[in-house]
Amino acid sequence: MSFLSEALQDKDNKKAYALTKKIAAESAESDEYYCHFEEFAGMLTAKSSYVRTRGFILCCAQAQWDKRGKLTRVLSSMLVLLHDEKPTVVRQRLGALHEVLQHRPGLHDAIKAEVESMNIAKYQDSMASLIQKDRNELLKQIG
């Protein structure tokens, strides 16, 4: 495991999430972190839903730099994570997908199908309405 992977999976969730946000922001401007895509994708199967979310966010953040189709290869593993029991991580993952939709139109149909299949009724009303709003925003972006 590289230093970067270790830092992103740190037990201190605040510190690890701050690093995730930093990398995602820098990835909007540069392909500096694209070489770490496999590490980010490896996080999608972590025990911790927070680590899985960080991996999800960082994979999405590489969408504009992904000329090799790495995102396409892990998309089905990513989309399964939209069905998590924790509504907060589901919302973060839905938010991260906007980046993919913007830069990878070829993935719209797969994302749309999975987002439409989400069972929002399993969440408490307060969170269900927020997830529904996030879902609608994604579907609107797809058109």
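This briefing describes a nonpolar core and a pair of helices in one structure. The model is predicted, so local features need pLDDT of at least 70 and side-chain atom pairs count only at pLDDT 80 or more, while totals for chains, interfaces and linings use all residues. Residues are numbered from 1 along each chain as its sequence is written, and side-chain values use heavy atoms, with hydrogens and water left out.

**The largest nonpolar core**

- The largest nonpolar core has 43 residues, of which F40, F56, L71, L97 and I111 touch the most other members; such a core is a set of buried Ala, Val, Leu, Ile, Met, Phe, Trp, Tyr and Cys residues joined through side-chain atoms within 4.5 Å.
- Elements giving two or more residues to this core include α3 (37-42), α6 (87-103) and α8 (125-142), where helices are DSSP runs (H or I, at least four residues) numbered from the N terminus.

- F40 is found in helix α3, and F40 counts as buried because its relative accessibility is 0%, buried meaning under 20% relative accessible area with a 1.4 Å probe and protein chains only.
- Leaving aside residues up to four places away in sequence, F40 touches L4, L8, I23, Y33, G55, L58, C59 and Q62, contact meaning heavy atoms within 4.5 Å.
- F40 and C59 lie 19 residues apart along the chain, and their C-alpha atoms are separated by 6.0 Å.

**Helices α6 and α8**

- The axes of α6 and α8, lines fitted to C-alpha atoms over the stretch in contact, come within 10 Å and cross at roughly 10°.
- These two helices, α6 and α8, are therefore roughly parallel to each other, a term for angles under 35 degrees on a scale from 0 to 180 degrees between N-to-C directions.

Key: Buried < 20%, exposed > 50% of the residue type's maximum accessible area, 1.4 Å probe, protein only. Parallel < 35°, antiparallel > 145°, perpendicular 65-115°, else oblique.
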